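Dear colleague,

I am passing on the structure we spoke about, and below it you will find my notes on what came out of the analysis. Please read them with the sequence and the model open beside you.

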Amino acid sequence: SSMAKFGEGDPRWKVRELGEGGRNVNGWHWTENDCFPFFKEEFQKSFEGNYVLQNFRDAFPGLTGDLHCWKLDKCSGEACVNRRKGNKVV
């Protein structure tokens with residue numbers, strides 16, 4: 001048996017037709033999804049305008065207080081979901 005020449009192959013082989021989607025079918029290889037924008041929005045919804053702690057007493061003996069978040073000015077860091085062979089690696 002001889003090998004096919006470049007550009008000649010089995011017409012059933014459709015990788016070229018799949019484009020970028022055909023390179024990592026079902027996330028079989030490592031993929032990384034950036035979740036930071038989602039979590040930043042969730043933090044803003046959860047904290048802005050809400051009480052974070054109410055009637056806390058552990059900071060200093062004899063003092064009590066409330067912690068209220070008015071605005072989330074800055075949120076930085078990383079939040080990613082990785083996949084390998086279709087399984088999530090968080």
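The largest share of the nonpolar surface patch, four residues, comes from helix α2; helices here are DSSP runs of H or I with at least four residues, strands are runs of E with at least two, and both are numbered from the N terminus. Please note that this is a predicted model, in which local features need pLDDT of at least 70 and side-chain atom pairs count only at pLDDT 80 or more, while totals for chains, interfaces and linings use all residues. Residues are numbered from 1 along each chain as its sequence is written, and side-chain values use heavy atoms, with hydrogens and water left out.

The average pLDDT (the predictor's confidence in each residue, from 0 to 100) is 76 for the protein, and 64% of the residues score at least 70. Among the elements, α2 has the highest mean, 90, whereas helix α1 (residues 15-18) has the lowest, 58. Where pLDDT is low, the predicted coordinates should not be read in detail.

To return to the patch, Phe-38, Phe-39, Phe-43, Phe-47, Val-52, Leu-53, Phe-56 and Leu-67 make up a nonpolar surface of about 670 Å², and the elements that give two or more residues to it are α2 (36-47) and β2 (50-56). Phe-39 lies in helix α2 and counts as partly exposed because its relative accessibility is 36%, where buried means under 20%, exposed over 50% and partly exposed in between (1.4 Å probe, protein chains only).

As for the strands, three of them form an open antiparallel sheet in the order β1-β4-β5; two strands pair if DSSP finds at least two bridges between them. β1 (31-34) and β5 (87-89) stand at the edges with a single partner strand each, so one side of each has no neighbour in the sheet. Four bridges join β1 and β4, with Thr-31 opposite Arg-83 in β4, and three bridges join β4 to β5, where Arg-83 has Lys-88 as its bridge partner.

With best regards

Methods. Patch = residues over 30% accessible without salt bridge, like charges linked within 9 Å, V, L, I, M, F, W, Y side chains within 5 Å. Areas by Shrake-Rupley, 256 points an atom, 1.4 Å probe, with all protein chains shown as cover. Salt bridge = Lys/Arg side-chain N within 4 Å of Asp/Glu carboxyl O.
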